[in-house]
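Me: Hey, can you help me get through this one? I'd like to ask a few quick things as I look at it.
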Amino acid sequence: ENEFWRINSEEGSNSSSDISKVFVKPQLQKSFPFLILELVRLLGCGGEGVLIFLPGIGEISELFDVLEILEQPAAEQQAAGLNQNQRRSPCEYKLFVLHSTIPMDEQEQAFHQPAEN
């Protein structure tokens, strides 16, 4: 399970004339959310937005659980083991989940201009 994408082939084809169907099934590495956390922390700047596309609500929820520490004060982030000296600039984060299962009024907040910090 160390690969980012796993290629699966459909089994059950008995005839040599049947073409085996191959499909790509997205599968995130277990450490992927933590990689995203570090990238956002190291590259994010005040007044900017970061949009991350994921394959489904399960992956979105998993990443949100990891990233929500960014909405906490710096002291809480440091207590959680995040080194504040590695950041590109001191800034605050606001996370938004965009998905069809989330109420539209919650999603609309994501489209407002971010604060300078």
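Me: Among contacts between residues at least 6 apart in sequence, what share joins residues at least 24 apart?
Reply: That share is 58% in this chain, where a contact means heavy atoms within 4.5 Å. Bear in mind that this is a predicted model, where local features need pLDDT of at least 70, side-chain atom pairs count only at pLDDT 80 or more, and totals for chains, interfaces and linings use all residues. Residues are numbered from 1 along each chain as its sequence is written, and side-chain values use heavy atoms, with hydrogens and water left out.

Me: Ok, and what pattern does the chain follow along the sequence?
Reply: It goes β-β-α-α-α-α, with 4 helices and 2 strands in the chain. Helices (H or I, at least four residues) and strands (E, at least two) are DSSP runs, numbered from the N terminus.

Me: At what angle do α1 and α2 pack?
Reply: Helix α1 (residues 32-43) and helix α2 (residues 57-67) pack at about 50 degrees, and their axes are 9 Å apart. Axes here are lines fitted to C-alpha atoms, for helices over the stretch in contact, and angles run from 0 to 180 degrees between N-to-C directions.

Me: Which residues of α1 and α2 meet there?
Reply: From α1 you have P33, F34, I36 and L37, and they meet E62, L63, V66 and L67 in α2. By class, that contact has 7 nonpolar, no polar and 1 charged residues. Ala, Val, Leu, Ile, Met, Phe, Trp, Tyr, Cys and Pro count as nonpolar, Asp, Glu, Lys and Arg as charged, and the others, Gly among them, as polar.

Me: You mentioned E62. How far is K30 from E62 in space?
Reply: K30 and E62 are 9.9 Å apart, C-alpha to C-alpha, and 32 residues apart in sequence. K30 sits in the loop between β2 (22-26) and α1.

Me: Is K30 buried or exposed?
Reply: K30 counts as exposed because its relative accessibility is 65%. The cut-offs: buried is under 20% relative accessible area, exposed is over 50%, and partly exposed is in between (1.4 Å probe, protein chains only).

Me: Switching topic, where does E106 lie?
Reply: E106 is in helix α4 (residues 104-108). With a relative accessible area of 44%, E106 is partly exposed. E106 and F96 are 7.8 Å apart in space, C-alpha to C-alpha, and 10 residues apart in sequence.

Me: Last one: what percentage of the chain is buried?
Reply: Buried residues make up 21% of the 117 residues.
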